[in-house]
Amino acid sequence: MRARLRALLAKGQASWNVMLVSLLVLEFVIFGATNPKFLRPELLFTSLNDSLPVFMISLFVTFVMVTGGIDIQVASLVGLTSITIGVGWQDFSLPIWGAVAAATVLAMACGALSGFLIAYCRVQAMVVTLGGSFLYSGIALLISTLSSTESYQGIGGFPDEFKFIASYRLAGVVPLQFLIYALLLAIAFILLHKTTYGRRVFLSAVNQSAAECSGINTRLVIMSTYVLSALSAALAATVLTAYLGTAKSDLGADLTMNIITVVVLGGTLSTGGRGSIVGTMLASFVMALLRFGLPLCFRISTQHLNIPIGILLVAVIVARSVSAKGLGLTSRLTKLITRRGGADPRGGDSQERGGQRHTREASS
Amino acid sequence: MGTLKKLLKARSLSSAVFLAALLLAVGAVNPSFLSPSNVSACFNTSVVYTLVAVGMAFTLLVGEIDVSVGANLGLVAAVVGTMLRDGQPLASACLVGILIGVVIGCINAWGVAVMGAPSLIFTLGANGVLRGIVYLYTNGAWVENLPKGFKDFSSVTAVGSLTVYFCAVFVLVLAIHLILTRTRHGRYFAAVGDNAQAATLVGLPTRRIKVLAYVLCGVLSALGGIIFCSRIGFVTPMSGNGYEMKAVAACVLGGISLLGGVGSVIGSAIGAVIMASISYLLVFMGFSSNYDNAITGVILIVIVVVDALLQHRTSKRNRRARLDARVSMGGDIR
């Protein structure tokens with residue numbers, strides 16, 4: 001059993017996705033059997049609406065983590081975008097879509113600033129985005145003081161054309177915001193897995209100097225991933241603001257942990273060079289159903305949800321690192337044997353990964 | 001090695017200079033700030049942050065990170081607060097609190113050092129679990145009505161207007177600093193963080209040192225939790241939330257590198273004083289507390305960027321010097 005699990009974990013993303021899908025199926029079976037309400041489509045979509053910001057942002061944080069970075073400022077950008085939309089619309093009397101555009105540009109500028117400092121000044125991503133999370137949430141608070149409304153109240157009363165994002169349902173079931181997510185999912189998938197840009201993102205992490213030597217502007221690529229994640233945060237904030245009907249400066253402040261959890265659970269290595277949009281998508285569904293199903297079927301209070309989810313994260317990360325350790329050792333051994341035998345050391349999938357590990361160790 | 005040592009000294013010195021400049025600048029804007037009681041208030045409020053930041057410094061020094069310190073502090077504060085409220089003696093409450101810190105440290109150490117999980121992700125998960133346990137333990141209620149003597153002890157002064165807590169923590173940090181820099185075993189921490197493989201090759205017990213770093217981090221956060229109880233006087237289920245990020249920021253301000261091996265606990269303590277007193281200083285500067293986060297962020301980003309640029313220049317210069325030396329040596333041989 002243990003060996004089989006290890007083999008499953010080691011085989012890479014494809015079998016990891018299979019594992020996530022079986023987790024999803026398991027959730028549907030268990031929750032559905034315990035409480036049939038769980039399977040009602042309208043209820044299911046409503047529950048997923050609550051998790052949509054995590055869904056959207058985690059897609060593009062995957063890009064950042066594939067480059068070996070991390071982005072803990074996206075949550076503060078959600079608040080910044082939201083309050084900018086509110087203040088721009090209410091107090092500067094911009095048209096609502098003008099306010100949305102202005103807020104999006106502001107968020108992207110913030111992402112670009114952090115990305116620039118990380119890529120061009122070579123400061124650790126964790127430190128810059130930590131500073132960014134203080135700075136941007138601080139700016140959001142300052143923007144909220146420009147408003148005539150008290151900041152804790154939140155700005156409401158948006159026009160119907162804006163609330164349309166949250167209220168419209170295709171065929172009466174599928175919410176429009178869900179379709180927006182599907183579109184983002186398609187864009188992220190194609191961008192990371194089917195375009196030259198995506199390949200550059202991967203190569204910039206695996207071996208930055210090799211990428212640089214083959215004519216890739218790795219700094220620009222790395223910086224661009226932070227702009228992308230900021231853009232996704234802005235979109236998510238727009239949808240969330242329309243959904244909740246209020247713009248607040250501290251909106252989404254507690255999203256960081258959920259986003260990182262989803263991306264890691266989806267199979268993206270926190271050291272970079274490995275990751276998949278499909279994995280992130282599956283993991284976000286696993287998490288969202290857990291958040292919806294546990295309170296509904298087992299009456300676990302939402303305050304205590306952190307315990308099972310935290311345990312899941314810890315268990316996954318330990319299992320993966322144990323299997324990776326085994327893999328590293330075996331691949332190193334096979335490499336040694338094949339080299340002695342004169343065979344091509346870069347054969348199978350597992351060896352390729354071992355090779356990547358080595359180059360990364362050498363370059364760091 | 002000589003230059004590296006000088007650089008380290010300069011780094012924790014420069015954060016001290018920065019703190020002094022900050023205090024003087026506030027004094028220049030508002031002269032009434034420069035009274036002993038106001039200045040020492042800055043130091044007194046920093047006690048909890050300092051303990052957490054020094055704990056964090058241990059894990060950063062060995063090249064890992066522990067973002068569960070906030071929930072650790074919250075859990076210890078909740079347990080100790082409840083025990084004291086229910087009339088248990090102080091000594092047993094503190095003992096239980098520190099034991100909790102040790103256990104949490106051991107769990108984190110098991111995941112990171114023994115199982116080899118990425119420390120940020122593992123401790124992030126631990127943070128979630130611990131925060132959930134705090135809610136479970138307190139049922140989401142506040143812990144209030146702590147004994148008056150325990151609360152009042154936080155304002156007892158020892159030297160001038162500095163509280164007993166600050167003086168004790170000051171001595172503790174100084175002792176840790178001396179152990180880390182002057183003893184052989186203390187220097188293992190930086191050695192492991194600088195290059196774990198090299199440390200293993202020269203025979204250092206790398207894994208044991210990482211375990212020790214996490215346990216010490218857990219204990220220091222637990223101490224922070226106990227003092228938090230005493231200083232604040234009540235505990236909410238969200239107590240300590242966000243302290244992990246503030247502690248990382250304090251360490252970075254104090255010149256500790258997240259890559260491991262570089263920095264001193266003195267630096268992290270100074271960083272903690274800066275972090276803790278910014279909101280207090282802003283009041284004297286005439287700003288509203290709304291500027292808190294923005295200014296913290298600006299200070300943090302500016303300091304790390306300047307630091308990175310300087311370091312990049314130094315390493316470039318060193319590399320050029322090495323290359324030059326090699327070229328001239330090659331000429332000699334020819």
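In α3(A), the residues N49(A), L52(A), P53(A), M56(A), I57(A), L59(A), F60(A), V61(A), F63(A) and V64(A) meet T225(A), Y226(A), L228(A), S229(A), S232(A), A233(A), L235(A), A236(A), V239(A), L240(A) and Y243(A) of α11(A). This contact divides into 17 nonpolar, four polar and no charged residues. The model is predicted.

**Helix pair in chain A**

- Helix α3 (residues 41–66) of chain A and helix α11 (residues 218–244) of chain A have axes that come within 8 Å and cross at roughly 175°.
- That angle makes α3(A) roughly antiparallel to α11(A), because angles over 145 degrees count as such.

**Overall form of chain B**

- Chain B contains 14 helices and two strands.
- The C-alpha trace of chain B spans about 85 × 55 × 35 Å along its principal axes.
- Of the 334 residues of chain B, 48% count as buried.
- Among contacts in chain B with a separation of 6 or more, 77% come from residues 24 or more positions apart.

**Helix α3 of chain B**

- Helix α3 (residues 47–61) of chain B has 15 residues, which at 1.5 Å a residue should span 21 Å; its end C-alpha atoms are 21 Å apart, in agreement.
- α3(B) is mostly covered, with 15 of its 15 residues buried.

**Packing of α3(B) on α12(B)**

- The axes of α3(B) and α12(B) lie 8 Å apart, and the helices pack at an angle of about 70°.
- The two helices, α3(B) and α12(B), are therefore roughly perpendicular to each other.
- From α3(B), the contact is made by Y49(B), V52(B), A53(B), M56(B), A57(B) and L60(B); from α12(B), it is made by Y243(B), K246(B), A247(B), V248(B), A250(B) and C251(B).
- The residues of the contact of α3(B) with α12(B) divide into 11 nonpolar, no polar and one charged.

**Interface between the chains**

- In chain B, 40 residues are in contact with 37 residues of chain A.
- On the side of chain B that touches chain A, the elements giving two or more residues are α6 (119–138), α12 (243–253) and α14 (292–333) of chain B.
- The residues on that side of chain B comprise 27 nonpolar, 11 polar and two charged.

Technical notes:
Residues are numbered from 1 along each chain as its sequence is written. Chains are lettered from A and ligands numbered from 1 in the order in which they are written. This is a predicted model: local features need pLDDT of at least 70, side-chain atom pairs count only at pLDDT 80 or more; totals for chains, interfaces and linings use all residues. Helices (H or I, at least four residues) and strands (E, at least two) are DSSP runs, numbered from the N terminus. A residue is buried if 20 or more other C-beta atoms lie within 10 Å of its own, exposed if 12 or fewer, and partly exposed in between; C-beta atoms are placed from the backbone. Two residues are in contact if their C-beta atoms, placed from the backbone, lie within 7 Å. The expected span of a helix is 1.5 Å times one less than its number of residues. Ala, Val, Leu, Ile, Met, Phe, Trp, Tyr, Cys and Pro count as nonpolar, Asp, Glu, Lys and Arg as charged, and the others, Gly among them, as polar. Axes are lines fitted to C-alpha atoms, for helices over the stretch in contact, and angles run from 0 to 180 degrees between N-to-C directions. Angles under 35 degrees count as roughly parallel, over 145 as roughly antiparallel, 65 to 115 as roughly perpendicular and the rest as oblique.
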